[in-house]
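Subject: Structure handover

Hello,

Please find the structure below, followed by notes on what was found in it.

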Amino acid sequence: MSECVTGSEKGGLKMAERHIGYLIKQINERIKQCADRDMECCGVTFAQGRIIGFLAHSGGEAPQKEIAQFLGVSHPTVTGTLSRMEQKGLLTSREDPNDRRGRIVRLTVKAAEAGEKLNGLISAQEERIVSGLTPEQADILEALLETVLNLSLIHISEPTRPEP
């Protein structure tokens, strides 16, 4: 078994001295849980809300392949989510004229109406996330998170190697 992090010894396992990745993952899970709960009133999940937002910012429609890339999920995963959304009347899909294997996904009026409510929910959640911070701290946090995200995109193809 290969080790991916180095740090102090604990119980025979090497533990990372910092727990930034763990903290980011925990924050993400809590945000997702709250978003799923809050978005229930609109009849959508967090993932479905993200798709509605992505399509709204893409002029109301986009190829299914782009949606999968945006979400960072596989083709079968996005196909299942889009199928459930289509059954709910939130979107329609048609064959992509540029790629016979692909589909073009389009928002319905019902999804656009839900999107307006979702924007309010997202804004309220963003405010709750930083409610205990000063505006300056919130700006610093956002800048640091953007830096970490950009660095992770640069280094994502580089495997982590244990120190000798």
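The largest cavity is lined by C34, A35, D38, M39, L121, I122 and Q125. Here a cavity is a set of points on a 1 Å grid over the protein atoms alone where a 1.4 Å probe fits but cannot get out, and lining residues have an atom within 4 Å of a point. The model is predicted: local features need pLDDT of at least 70 and side-chain atom pairs count only at pLDDT 80 or more, while totals for chains, interfaces and linings use all residues. Residues are numbered from 1 along each chain as its sequence is written, and side-chain values use heavy atoms, with hydrogens and water left out.

The largest cavity holds about 40 Å³ of space, a volume being the space filled by probe spheres set on the grid points, which are joined across faces, edges and corners. The structure has one cavity of 30 Å³ or more. Nonpolar covers Ala, Val, Leu, Ile, Met, Phe, Trp, Tyr, Cys and Pro; charged covers Asp, Glu, Lys and Arg; the others, Gly among them, are polar.

On the helix pair: the axes of α1 and α5 come within 11 Å and cross at roughly 145 degrees. Axes are lines fitted to C-alpha atoms, for helices over the stretch in contact, and angles run from 0 to 180 degrees between N-to-C directions. The crossing is right-handed, that is, the near helix is turned clockwise from the far one by less than a right angle. From α1 the contact (heavy atoms within 4.5 Å) takes I31, C34, A35, R37, D38 and M39, and from α5 it takes L118, L121, I122, Q125, R128 and I129. These residues divide into eight nonpolar, one polar and three charged.

Next, the largest pocket, with a volume of about 1,800 Å³. A pocket is an open set of grid points with protein on both sides within 12 Å along at least five of seven lines. It is lined by 38 residues, of which I27, N28, I31, E126 and L145 are the closest to its centre. Two or more lining residues come from each of α1 (20-39), α2 (46-57), α3 (64-71), α4 (75-87), α5 (109-129) and α6 (135-155). The most come from α6, with eleven residues. The lining of the largest pocket has 24 nonpolar, eight polar and six charged residues.

For the chain as a whole, there are six helices and five strands, taken as DSSP runs numbered from the N terminus (helices H or I, at least four residues; strands E, at least two). Their order from the N terminus is β-β-α-α-β-α-α-β-β-α-α. Of the 164 residues, 22% count as buried, meaning under 20% relative accessible area with a 1.4 Å probe and protein chains only.

Beyond its neighbours within four places in sequence, Q64 is in contact with H75, V78, T79, L82, R103 and V105. D99 belongs to strand β5 (residues 99-107) and is buried at 18% relative accessible area. Between D99 and P63 there are 36 residues in sequence and 9.4 Å in space, C-alpha to C-alpha.

Regards

Methods:
Buried means under 20% relative accessible area, exposed over 50%, partly exposed in between (1.4 Å probe, protein chains only).
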